[in-house]
Amino acid sequence: MGSLDADTTTTTTTVGSFHSDKSAKVFVAGHRGLVGSAVHRKLESLGFTNLLLRTHAELDLTRQFAIESFFAAEQPRYVILAAAKVGGIHANSTFPADFIAVNLQIQTNVVDAALRCGSVRKLLFLGSSCIYPKLAPQPIPESALLSGPLEPTNEWYAVAKIAGIKMCQAYRLQHRLDAISAMPTNLYGPFDNFHPENSHVLPALIRRFHEAKISGAKDVVVWGTGSPLREFLHVDDLADAVVFLMDRYSGLEHVNVGSGKEVSIKELAEMVKEVVGFQGELVWDATKPDGTPRKLMDSSRLAGMGWEAKISLKDGLVNTYKWYVENVAKQQQQ
């Protein structure tokens with residue numbers, strides 16, 4: 001295990017050796033998902049040569065014995081825990097037991113096995129901005145955690161992710177395992193979920209505008225007034241932040257990861273419309289709810305360490321739409 005400062009309750013920024021340890025075994029849990037695939041691409045581009053990758057069929061992270069056997073056999077030096085059961089409001093409301101149980105099982109099994117195998121130098125746990133209270137101050141600082149009630153529509157997932165943060169902290173305090181946590185803002189990019197019912201706002205807009213363009217529709221109706229403000233981070237930027245934190249951060253408190261830039265849903269929809277090339281009208285259905293007026297992460301701690309997002313929203317949308325056309329829309333046409 002990596003060595004920690006005597007006082008593990010304080011947040012410390014240190015220059016580590018992750019970047020220079022490119023032959024070490026790195027277990028990327030969830031490498032096929034939106035986040036895990038981006039981390040996989042990033043590590044490969046940096047020259048990491050010993051990535052441990054397992055599909056769900058090859059390794060079920062909810063099975064304790066399977067995880068313990070895997071860690072004992074492979075002896076990874078680094079662990080990036082990007083695996084999770086995720087979904088939108090509909091999925092969270094329909095399968096609350098799955099969202100809390102599966103995520104708790106994954107986290108508990110992986111973090112505990114990382115300690116017990118004896119080879120892990122560092123572990124990074126990835127959470128979500130939904131861990132914060134529904135009425136958290138804006139921008140949302142890390143200190144807002146557990147300061148108020150959660151958003152009811154995703155509390156099952158949020159409670160599991162909060163437990164993951166606390167588990168990393170507890171294992172750091174009691175066992176001196178160098179386990180850190182990062183909480184990203186709203187993510188988008190290749191391998192996102194473009195399901196017509198269960199996707200989040202940005203991939204949903206991309207799909208709807210694309211299908212409207214292909215069908216020759218005269219307009220696209222979007223719920224609400226378009227006034228709410230949201231923050232988006234391209235998943236490749238998150239992967240860059242993950243490597244940055246693995247290399248330079250060792251501390252008790254979780255770290256927010258955001259772009260620091262807000263955009264209204266109206267501006268976002270207009271931008272997606274332009275990127276997709278839809279020529280029809282954009283119609284707002286103001287009888288439908290807007291949702292939370294503003295949701296912005298305070299990422300000043302990470303910025304103070306020297307990291308900032310590099311991919312603009314426009315460039316990220318172009319990249320994501322290209323991937324959608326080549327990998328999702330093309331398959332639907334076949």
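The entries below go from the ground rules to the sheet, then to single residues, cores and a helix.

**Ground rules.** I am working with a predicted model, where local features need pLDDT of at least 70 and side-chain atom pairs count only at pLDDT 80 or more, while totals for chains, interfaces and linings use all residues. Residues are numbered from 1 along each chain as its sequence is written, and side-chain values use heavy atoms, with hydrogens and water left out.

**Entry 1: the record.** I checked UniProt, where an unreviewed entry places the feature "domain: NAD-dependent epimerase/dehydratase" at residues 26–258. Its positions are given in the numbering used here, feature names are shortened, and annotations may be inferred rather than shown by experiment. In the model, the end C-alpha atoms of residues 26–258 lie 24 Å apart, and the span is 44% helix and 18% strand. Helices (H or I, at least four residues) and strands (E, at least two) are DSSP runs, numbered from the N terminus.

**Entry 2: the sheet.** In what order do the strands of the open sheet of 6 come? I read β3-β2-β4-β5-β6-β11, with parallel pairing; two strands pair if DSSP finds at least two bridges between them. At the edges are β3 (51–52) and β11 (255–257), each pairing on one side only. Helix α1 (residues 34–46) packs on this sheet and touches β2 (26–29), β3, β4 (78–81) and β5. The direction of α1 makes about 155° with that of β2. I used axes that are lines fitted to C-alpha atoms, for helices over the stretch in contact, with angles running from 0 to 180 degrees between N-to-C directions. Contact means heavy atoms within 4.5 Å.

**Entry 3: strand β5.** I then followed β5 to its partners. β4 and β5 run parallel and are joined by 4 bridges, with Y78 opposite K122. On the β6 side, 4 bridges join β5 (residues 122–126) to β6 (residues 179–184), again in parallel. There L124 stands opposite I180, and L126 has A182 as its bridge partner.

Which residues of β5 are buried on each side? I found K122, L124 and L126 on one side, and L123 and F125 on the other. Buried means under 20% relative accessible area, exposed over 50%, partly exposed in between (1.4 Å probe, protein chains only).

**Entry 4: K122 and M246.** Beyond its neighbours within four places in sequence, K122 is in contact with R77, Y78, V79, D178, I180, L245, M246, Y249 and S250. The C-alpha atoms of K122 and M246 are 7.4 Å apart, although 124 residues separate the two along the chain.

I went on to M246, which lies in helix α7 (residues 235–248) and is buried at 2% relative accessible area. Residues up to four places away aside, M246 touches F18, Y78, V79, I80, K122, L124 and I180. For contrast I looked at L145, 101 residues from M246 along the chain; their C-alpha atoms are separated by 22 Å.

**Entry 5: the cores.** A nonpolar core is a set of buried Ala, Val, Leu, Ile, Met, Phe, Trp, Tyr and Cys residues joined through side-chain atoms within 4.5 Å. The largest has 36 residues, and F27, L61, F71 and L123 have the most contacts inside it. Two or more residues each come from β2, α2 (64–74), β4, α4 (96–117), β5, α5 (155–175) and β6. The largest share, 7 residues, belongs to α4. Apart from this core lies another, of 35 residues, including L34, V39, L126 and A182.

I also listed the contacts of F71, leaving aside neighbours within four places: F27, P76, V79, V110, A113, A114, C117 and V120.

**Entry 6: helix α5.** Buried residues of α5 include Y157, K161, I165, C168 and R172. The helix's buried residues pack against α3 (89–94), α4, β5, β6 and β10 (249–251). Just after α5, R176 takes a positive phi of about 60°.

**Entry 7: strand β8.** Last, I noted that β8 (residues 219–223) pairs in the parallel sense with β13 (residues 281–285) over 5 bridges. V220 has L282 as its bridge partner. The covered face of β8 holds V220 and V222, and the uncovered one D219, V221 and W223.
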